[in-house]
Amino acid sequence: MIPETPSVLIPEKEIRHRVGELARQVSADYDKAEELLLVGVLRGCFIFLADLSRLLTVPRRIDFMALAAYGQNAATSGAVRLIMDLRTNIAGKHVLIVEDIVDTGNTLEYLLDILLPRKPATLKTCVLLRKRERLEKDVKIDYLGFDIPDLWVVGYGLDYADRHRALPYIGVVENEGKGISR
Ligand code: PRP
């Protein structure tokens with residue numbers, strides 16, 4: 001059984017504080033840029049992107065990509081497929097990828113591999129959560145919210161079997177999370 005109420009790993013207040021810090025940092029760094037294009041990676045990014053984008057003080061546009069891991073297993077298989085591409089032509093634009101979590105790094109590596117050849121002016125990454133222990137790929141994260149332990153985390157956009165995405169905090173799915181990760 002999935003517990004109805006996951007235990008709290010990062011409280012709502014701490015997320016709000018950290019997202020505010022990230023927004024200030026991003027706003028300062030892109031102060032001179034004409035415009036920033038935020039690229040949200042669906043589905044997990046939707047709450048982080050909504051909060052971050054509203055706190056930025058620089059001109060910005062928003063577009064989305066949807067990706068999924070191949071296979072039905074909860075454990076990440078490594079292969080990633082593109083479900084929905086950007087509508088925007090990113091050539092010459094300042095692009096910031098917004099991700100909820102980097103686990104193995106496969107998804108972010110795949111994204112960078114397909115976006116870089118499109119010749120953006122700059123391409124950076126903003127990630128709320130990273131699991132250092134699980135990293136397989138040496139992907140560069142320019143803005144990071146939190147390093148977290150290797151637990152199955154849910155809430156603030158992240159799911160377990162499509163549940164718990166709307167929790168206001170980052171929680172941990174206790175028993176079912178053992179032996180699987182994301
Ligand atoms: C999650 C997350 C990242 C990816 C990270 O997506 O949103 O995109 O896993 O894992 P990786 O670093 O091992 O590649 P998920 O496949 O759970 O889809 P979702 O965002 O639609 O929930």
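Is E12 buried, partly exposed or exposed? In this predicted model, local features need pLDDT of at least 70, side-chain atom pairs count only at pLDDT 80 or more, and totals for chains, interfaces and linings use all residues. Residues are numbered from 1 along each chain as its sequence is written, and side-chain values use heavy atoms, with hydrogens and water left out.

E12 counts as partly exposed because its relative accessibility is 40%; buried means under 20% relative accessible area, exposed over 50%, and partly exposed in between (1.4 Å probe, protein chains only). R16, at 53%, counts as exposed. The side chains of E12 and R16 meet in a salt bridge, 3.7 Å from N to O, where a salt bridge is a side-chain nitrogen of Lys or Arg within 4 Å of a carboxyl oxygen of Asp or Glu. Both residues lie in helix α1 (residues 12-29), four residues apart, about one turn of the helix; helices (H or I, at least four residues) and strands (E, at least two) are DSSP runs numbered from the N terminus.

The whole structure contains 15 salt bridges. One of them joins R165 to D162, with the closest N and O atoms 3.1 Å apart. R165 is buried at 13% relative accessibility, whereas D162 is partly exposed at 45%. R43, D159, D162 and R165 are linked in a network of salt bridges.
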